[in-house]
Amino acid sequence: MSQDLVQFHPRRSTSLRLLVVLAVAWASTSEARAAGTVWIGTWAATPQPPPAGSVERYEDQTLRLVVRVSAGGAQLRLRFSNAYGTVPLHLGAVHVARRSRGADIDSATDRRVTFSGREGVTVPAGATAVSDPVPLSVPALSELAVSLYLPEATEARTSHLLALRTSYAAAGNAVASAQLPAAQPLDSWPFLGGVDVEAPRGAAALVAFGDSQVDGDGSTADTDRRWPDVLAERLQRRRPPGAPRGVLNAGLIGNRLLRDGPSAQSHPVGPALGPAALARFERDVLLQPGVRYAIVRLGINDIGLPGCIAPESERVSAEALIAGFRELVTRAHRRGIRLVGTTLSPFEGAVGPKPGYFSPEKERVRVQVNAWLRGGHTGFDAVVDFDALLRDPEHPARLLPRYDSGDHLHPNDAGYAVLGEAFPLALFGT
């Protein structure tokens, strides 16, 4: 890999570190420390609200949510989110097991999940619940099936829409069933926000933070071909003994650095694009268990959405985006987190949710932001040049055809593989 594609930006070390006390009481933390272990995130999905007028509803049903972890561990715990709920969320029962195939689980690995020793939990509106530790050995890159029973009429106002992974829904309480009779496919992850594993003290988590290019839009469903997946596979192959790296995907389709998703009046999908990255950085990066590294891929929707599904008045300048990136760098470094930036890849020809996403004026802003990112004085600890990796040399404002998923905005599997292979693993302590 050419060194021109990765720029290392060393920053002056400091002898003092800011000690952060999180207002989250996890009873298992002291036991883990006593045993010489730590909790790290191994899988995550960013909570998001539904599009306007489109809310999935469940009652007396079991959801079996399938996820692939990154780092392995001796035991796990689950995190459930009711971030956008307007009423308490009642989970009647929760189980976790290794997934075998389809909706089936390996029944020998099935475990009941408790919350403060009790079966089930009620999560207040706007809140998150963390389970008790579950004694289940989790191999790296293995698939889990998290089964939750919803006994009451429940609206999925908190979910992750672009799962790119088939999960399942079935009637009744079937959380412990090896098979789900008459299971219906589900293409989102309702309520499940994260999976943590207990790992050796040298372990850490890495958060990929950004928009649909982090979320994997354009990749093949059920194959785990997003670029954070490719990076996770490389880290598991290369990890030093006793120091695994969990990779958490905090991507969110349509997300912007500086502004929340457009209003429903502008476009029905607008609310689902979530809060501005500056607003969700604390929740989705800084408070993730064991986080020590993060990668930022953001800005193209700030440029493209105004005049498309957002008002023209929300047009941004390169200077405004640069100020936003500097704010992320400052907040990450205050917590001792190494932050890696990425340039903005080409988008000529992209129409986004509707025409108007691209224009020559918007392209000039992208070029200006990329020039700053390559300039060496950003504050990022390194910058990986996604633009140079993906662009067509004969038409630099466009994606190279062999990396284009077809919408001229998102890479395909081959393009994501190039991005996932571009990060020097030394950036992440391996």
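At what angle do helix 4 (residues 277–286) and helix 6 (residues 318–334) pack, and how far apart are their axes? The angle is about 30°, and the axes are 11 Å apart.

## Basis of the model

This is a predicted model, in which local features need pLDDT of at least 70 and side-chain atom pairs count only at pLDDT 80 or more, while totals for chains, interfaces and linings use all residues. Residues are numbered from 1 along each chain as its sequence is written, and side-chain values use heavy atoms, with hydrogens and water left out.

Helices (H or I, at least four residues) and strands (E, at least two) are DSSP runs numbered from the N terminus. Axes are lines fitted to C-alpha atoms, for helices over the stretch in contact, and angles run from 0 to 180 degrees between N-to-C directions.

## Helix 4 and helix 6

Helix 4 contributes Leu278, Phe281, Glu282 and Leu286 to the contact, and helix 6 contributes Gly324, Glu327, Leu328, Arg331 and Ala332; contact means heavy atoms within 4.5 Å.

Sorted by class, this contact has five nonpolar, one polar and three charged residues. Ala, Val, Leu, Ile, Met, Phe, Trp, Tyr, Cys and Pro count as nonpolar, Asp, Glu, Lys and Arg as charged, and the others, Gly among them, as polar.

An open sheet of mixed pairing is formed by six strands in the order 1-23-22-21-19-20; two strands pair if DSSP finds at least two bridges between them. At the edges stand strand 1 (6–8) and strand 20 (245–251), each with a single partner strand, so one side of each has no neighbour in the sheet. From one strand to the next, the twist averages 20°. Strand 1 and strand 23 (residues 382–384) run antiparallel and are joined by three bridges, with Phe8 opposite Ala382 in strand 23.

Helix 6 also packs on this sheet, where it touches strand 19 (204–210), strand 21 (291–297) and strand 22 (338–342). The direction of helix 6 makes about 160° with that of strand 22.

Strand 19 and strand 20 run parallel and are joined by seven bridges. Val207 stands opposite Leu248 in strand 20.

Is strand 20 largely enclosed or left open by the rest of the structure? Seven of the seven residues of strand 20 are buried, so the strand is largely enclosed; buried means under 20% relative accessible area, exposed over 50%, and partly exposed in between (1.4 Å probe, protein chains only). Arg245, Val247, Asn249 and Gly251 lie on one side and Gly246, Leu248 and Ala250 on the other, and both faces are covered.

## Helix 3 and helix 9

Helix 3 (residues 227–238) packs against helix 9 (residues 413–421) at an angle of about 45°, with the axes 7 Å apart. That angle makes helix 3 oblique to helix 9: under 35 degrees counts as roughly parallel, over 145 as roughly antiparallel, 65 to 115 as roughly perpendicular and the rest as oblique. The crossing of helix 3 and helix 9 is right-handed.

Trp227, Val230, Leu231, Arg234 and Arg237 of helix 3 meet Tyr416, Ala417, Leu419, Gly420 and Glu421 of helix 9. By class, the contact of helix 3 with helix 9 has six nonpolar, one polar and three charged residues.

## Buried loop residues

Two non-glycine residues can be listed with a positive phi: Leu164, at about 55°, and Asp224, at about 55°. Leu164 is in the loop between strand 15 (154–155) and strand 16 (167–171) and is buried at 15% relative accessibility. Asp224 is in the loop between helix 2 (212–215) and helix 3 and is buried at 9%.

Thr109, in the loop between strand 8 (104–105) and strand 9 (111–112), is buried at 12% relative accessibility. Neighbours within four places in sequence aside, Thr109 is in contact with Val96, Ala97, Arg98 and Leu136. Pro47 lies in the loop between strand 2 (37–44) and strand 3 (57–58) and is buried at 10% relative accessibility. With neighbours within four places in sequence again set aside, Pro47 is in contact with Ser81, Ala83, Tyr84, Thr158, Ser159, Arg283 and Asp284.

Technical notes:
Left-handed = near helix turned anticlockwise from the far one by under 90°.
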